[in-house]
Amino acid sequence: MNYGYLADLALILLATKALSMLTGKLQMPQVVGALVAGLVMGPAVLNIIQPSDFLSQVAELGVIVIMFSAGMGTDLNELKQTGKAGLVIAMAGVLVPLAMGTGLMFFFNTGELAMPGNKLLQDLFLGTVLTATSVSITVETLKELGKLSTKVGNAILAAALIDDVLGLVCLTVVTSMAGADVNIVLVLAKIVLFFLFAGVLGVLVSKLLNWYETKVRNRDLRRYPILAFVLCLFMAWAAEEWFGVADIIGAFAAGLIVATTPKGAYTASKFTPLAYLLLTPVFFANLGIGVELPNMDAMILLFTIALVVVGIGSKLIGCGLGAKLCGFKGRQCVQVGCGMACRGEVALIVANKGMAMNIVNPIFFGPIIILVVCCAVFTPIMLKLAFKGENAYEGMEESTLAETFQLSEQVDEVTARLIEGEKRRQGK
């Protein structure tokens, strides 16, 4: 057996922590440090750690836990209130990037770069790549900034989840136009069935745990987080295997279900060490490790720069406009746009699909990789700047979680004083 993965994990944890501390001192989100650590150690720079199936699987588990934790930390009533805004933001955040990406490809996808066949379809495919949003980096950054449970944070979460579904619909439509054996009606039916499945399962699990809590007399037992994790993994698997929906949506839905149970807060507290010690650092580092920068001529380099500008700008414009239509203030619109600008594995999956079907020239895959890397690094920085100057409670006035947030800080302060008093007593 090859035990090299142990050394890889040790290097990843050490490097991500060291660079996270450095970026923290530079007043940048710490997730940027973890991403840069992966880039430095991977093939793009030092080539110390190679991409592997093991790291990819641990990283996938990491993003599942991130979204599961986000679900547990979300107030369902608040999410319902931002649901309408999320739909509008997601719609605008899909249509504007789709249009701008298609227009960009129209100008560059010419001559030898264009593949034989329907040019409009090729242009649309790049637009489809830009519709995707990767919310995991945004979630971690908002948690770090203490803004995940604000009105803006909930709107971003709702919009990103709807965005994933709309992106799947766009991909289905485009691939069906390319002659692929895809049934649009079946895809839409599966999406609807997933949400029905999640709703029914949520009601059953909530009632079962309420009954069980009464039976064991409201004690905090370790079996609660274990059962919750089982539910998370099952729903993530079922989302992908049964319904063709992203596993992170299944994990987030499981988190929402657990949040409605009496032991939701207790369960959520038990996942923090698991995420902090292993899964989250590996997930962010793996994004950087998987990057291999391609060789590019002047035209492709120009296209890459334009793609990054359009990729980030289209989400800022689209999602910001959607937020404005829903009554958000100017600064909040910018925050929503920044939070929705990140791309990730979904964009790469869509791009891979296009290459496999010979819809898009493989030479465009390199710029798409660079777009994903730039979005992953720039999004946390843009979010930090967008929220700069706000105090811990600003933006929470419309959130039902504000009171809980303040109460938790008061409890932490009292606990710290008690510990300090005990230390002084023992010192005497």
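User: In this predicted model, are F194 and F243 buried or exposed?

Analyst: The model is a predicted one, and a residue is called buried when its relative accessible area is under 20%. Both F194 and F243 fall into that class, so the answer for the two residues is buried.

User: What kind of aromatic pair do the rings of F194 and F243 form?

Analyst: The structure holds 16 aromatic pairs, and F194 with F243 is one of them. Their ring centres are 5.6 Å apart and their planes stand at 65 degrees, while planes over 60 degrees apart count as edge-to-face. The pair formed by F194 and F243 is therefore edge-to-face.

User: How many residues apart in sequence are the parts that F194 and F243 tie together?

Analyst: F194 belongs to helix α9, which covers residues 184-215, whereas F243 sits in the loop between α10 (223-241) and α11 (247-259).

User: How is the aromatic pair of F234 and W237 classed?

Analyst: F234 and W237 both lie in helix α10, three residues apart, which is about one turn of the helix. In an α-helix there are 3.6 residues a turn, so residues three or four places apart point the same way. The ring centres of F234 and W237 are 6.2 Å apart, with 35 degrees between the planes, and the pair is classed as tilted.

User: How far apart are the end C-alpha atoms of helix α16?

Analyst: Helix α16 is made of 23 residues, 365-387, and at 1.5 Å a residue it should span 33 Å. The distance in the model agrees with that expectation, as the end C-alpha atoms are separated by 33 Å.

User: At which residue in α16 does a kink lie?

Analyst: The kink in α16 is about 30 degrees, and it comes shortly before the proline P380. The residue at which this kink lies is F378.

User: How many of the 23 residues of α16 are buried?

Analyst: Across the chain of 428 residues, 50% count as buried. Helix α16 is largely enclosed by the rest of the structure, because its number of buried residues is 18.

Notes. Residues are numbered from 1 along each chain as its sequence is written. This is a predicted model: local features need pLDDT of at least 70, side-chain atom pairs count only at pLDDT 80 or more; totals for chains, interfaces and linings use all residues. Side-chain values use heavy atoms; hydrogens and water are left out. Helices (H or I, at least four residues) and strands (E, at least two) are DSSP runs, numbered from the N terminus. The expected span of a helix is 1.5 Å times one less than its number of residues. The bend at a residue is the angle between axes fitted to the seven residues ending there and the seven starting there. Buried means under 20% relative accessible area, exposed over 50%, partly exposed in between (1.4 Å probe, protein chains only). Rings of Phe, Tyr and Trp (its six-membered ring) pair if their centres lie within 6.5 Å; planes under 30 degrees apart count as stacked, over 60 as edge-to-face and the rest as tilted.
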